Amino acid sequence: MAALYPRSAERLNLYAELLATEGTLRGLIGPREVPRLWDRHLLNCAFLERLIPESATVADVGSGAGLPGIVLALVRPDLEVALVEPLLRRTTFLTEAVEQLGLPNVEVVRSRAEDLRGRTFDVVASRAVAPLGRLAKWCLPLCAEGGVMLAMKGESAEAELAESRPELDALGAEDRKIHQLGVDELKQPTTVVSIVAGRAARGSQHGRIGR
Ligand SMILES: C[S@@+](CC[C@H](N)C(=O)[O-])C[C@H]1O[C@@H](n2cnc3c(N)ncnc32)[C@H](O)[C@@H]1O
């Protein structure tokens with residue numbers, strides 16, 4: 001990872017250390033995840049940056065211990081990242097991590113995604129938060145005009161996209177795609193569903209549909 005992101009290597013190491021120590025002590029990361037933090041978590045999340053335009057505003061919905069949001073902010077200092085997380089125990093860890101890592105481009109927002117009215121982002125990212133249909137109801141209304149929702153999904157991506165079709169149609173979701181990232185670089189490539197927010201999806205933030 002240091003070779004891929006040399007300018008961020010030191011702080012990525014510090015973040016990995018925080019996850020392995022405070023993250024496990026506070027029950028945010030399972031102890032069994034520690035040996036595979038880099039492969040299964042940090043690298044996996046870093047590759048998402050390949051789908052994010054220059055200087056975008058990004059929300060990480062259901063950030064947990066900061067995945068993928070903190071990794072994105074570390075490898076892409078041009079991004080403005082909001083870590084959206086409802087649980088106090090987790091936002092406390094996130095606030096401390098952001099401070100220790102010295103990340104001026106990150107804001108911690110304690111909220112459920114569906115309660116985050118009046119804010120929009122160029123990209124609304126998430127990993128392991130909810131089934132795609134429910135996730136789309138939360139994330140598409142948070143997208144700015146032409147904005148995109150990026151859901152890290154793994155092997156279930158295709159099935160979830162098919163199953164959630166009625167909900168996505170009702171939300172006016174456009175341009176649905178599945179991306180495989182890091183095919184030549186990762187043991188397990190990152191699978192991401194991208195969905196462009198149509199007008200209807202953004203309208204739902206004002207209570208017109210999807211509530
Ligand atoms: C399984 S964890 C995944 C955390 C992190 N994204 C990761 O990949 O390690 C799911 C997270 O989603 C958060 N969450 C659940 N419902 C949510 C909602 N309605 N809005 C925002 N976050 C939510 C939970 O508090 C939890 O931190």
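Guide: Let's begin with pLDDT, the predictor's confidence in each residue, from 0 to 100. The protein chain has a mean pLDDT of 93, and 94% of its residues reach 70 or more. This is a predicted model, in which local features need pLDDT of at least 70 and side-chain atom pairs count only at pLDDT 80 or more, while totals for chains, interfaces and linings use all residues. Residues are numbered from 1 along each chain as its sequence is written, and side-chain values use heavy atoms, leaving out hydrogens and water.

Now for the ligand. Around it are 15 residues, and Gly62, Leu67, Glu85, Arg90 and Arg127 come nearest (near means a heavy atom within 4 Å). That shell splits into seven nonpolar, three polar and five charged residues; Asp, Glu, Lys and Arg count as charged, Ala, Val, Leu, Ile, Met, Phe, Trp, Tyr, Cys and Pro as nonpolar, and the others, Gly among them, as polar.

Let's zoom in on some atom pairs. Arginine 90 has a polar side-chain atom 2.5 Å from a ligand oxygen. Glutamate 114 places a side-chain N or O atom 2.8 Å from a nitrogen atom of the ligand, and at alanine 113 a backbone N or O atom lies 2.8 Å from a ligand nitrogen. On its own, the ligand has 600 Å² of accessible area, and the protein covers 77% of it (Shrake-Rupley method, 1.4 Å probe).

Key: Polar contact = N/O pair within 3.5 Å; in protein donor to acceptor, adjacent residues only side chain to side chain.
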